[in-house]
Amino acid sequence: MLPIGILAPDFELFSTPDQKLRLSELKGKKVVLAFYPADWSPVCGDQMSLYNEMGKYFARHNAMVVGVSVDSKWSHLAFIEDRHFHFPLLSDFEPKGEVARLYQVYDAGTGESKRALYVIDENSVIRWSYLSPVGINPGADGILNALEEIDNLKMVIQ
Amino acid sequence: MTQLIPPVSIIDNSYGNPAALIELVEFGDYECPYCGRAYPIVKNIQKILGSDLKFVFRNFPLRKIHPNAFPAALATEAAARQNRFWEMHDIIFENQRSLDADKFIQFGVILGLDPDRFKTDMQDQVLMAKVSKDFESGLRSGVNRTPTFFINGIKYEDHWSDYHLLEHLRSVLGELSVK
């Protein structure tokens, strides 16, 4: 994993079949960058479905979540429609896993991304990270604590 | 070890001996098929452990994919106002595959609830906030799937299917009884 405190490396990936999203466009917001192995995991334990319920909790911290996997933009589109996701899923498809490699979370053995989280602050600095066992949804407690800590620290400094 | 935040209190819906050695908390979603499978398993555990078990249910509805999960949770909370929380909980899980808005009203009739009061309570912001609080407590406690169980405040990470959960609770009970 990349170390805490450095600038999050910038990248651009397809977020829909005809639109790309560049990480630096999200500057000014906190970003939860959620790498995950593959679309279509079972609903009741699905990491993305959990984050999808958390809009108001992320908004409270001026944060948004962005999912990244090596699935194609067409798989993402179908997954988003099926699960009614309200946040982007980025397609790390060509060159395959390039962004996962950049963030040191690519698993060359499976050809998928590991299950890993980065919390990036408004100035694009990596503030928290977590590598989860691949089969286990890491939940949201770590993310919420990290977002809170960033905001609390800001209050102390101001 | 992930801990239950906040701990169980009087605002929770609990069943069984308040002073039981084991407190089992389930975070569940009334429309989740895994929770439907866990329902008879928990019932059986309650029967076998009897007064050694206090069981608490907290709501963790995935609203975007389970459109009836939140109304179902509200129906149980509305029923709780007429002391029928567990009856509503049971009837919803027993009819999990055919839930819709009208069904909750029908369940209210079957359970002998005052229908006007039940309908009013189903719209009550206070109860909606209570269900959301349950959900937030799940987020804080590291709930990552449904059902997720906590035993005496600690997240249970192992299998719950078949007799796994019962066997585990028995061993916990054995340890606690020795002390």
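**View 1. The hairpin between β1(A) and β2(A) in the predicted model.** In this predicted model, a hairpin of two residues connects β1(A) to β2(A). Strand β1, covering residues 12-16 of chain A, and strand β2, covering residues 19-22 of chain A, are paired in the antiparallel sense, with four bridges between them. Within this pairing, A:Thr16 is placed opposite A:Gln19 of β2(A).

**View 2. A nonpolar surface patch that includes A:Leu153.** The side chains shown belong to A:Leu153, A:Val156 and A:Ile157, which form a nonpolar patch on the surface and together have about 340 Å² of accessible area. A:Leu153 is located in helix α5 of chain A, which comprises residues 141-157.

**View 3. The interface between chain B and chain A.** In this interface, 21 residues of chain B make contact with 23 residues of chain A. The two chains, B and A, bury about 1700 Å² between them, and 58% of this area lies on carbon and sulfur atoms. Of the area that chain B buries against chain A, 38% is supplied by B:Lys64, B:Leu139 and B:Arg140, which is more than any other three residues supply.

**View 4. A salt bridge between B:Arg140 and A:Glu148.** Two salt bridges are counted between chain B and chain A. In one that is formed by B:Arg140 with A:Glu148, the closest N and O atoms are 2.6 Å apart. B:Arg140 is also one of the three residues that supply 38% of the area buried by chain B against chain A.

Technical notes. Residues numbered from 1 in each chain as written. Chains lettered and ligands numbered in written order. Predicted model: local features only at pLDDT ≥ 70, side-chain atom pairs only at ≥ 80, totals over all residues. Heavy atoms only, no water. Pairing = 2+ DSSP bridges. Patch = residues over 30% accessible without salt bridge, like charges linked within 9 Å, V, L, I, M, F, W, Y side chains within 5 Å. Areas by Shrake-Rupley, 256 points an atom, 1.4 Å probe, with all protein chains shown as cover. Salt bridge = Lys/Arg side-chain N within 4 Å of Asp/Glu carboxyl O. Contact = heavy atoms within 4.5 Å. Buried area = accessible area lost by both parts, 1.4 Å probe.
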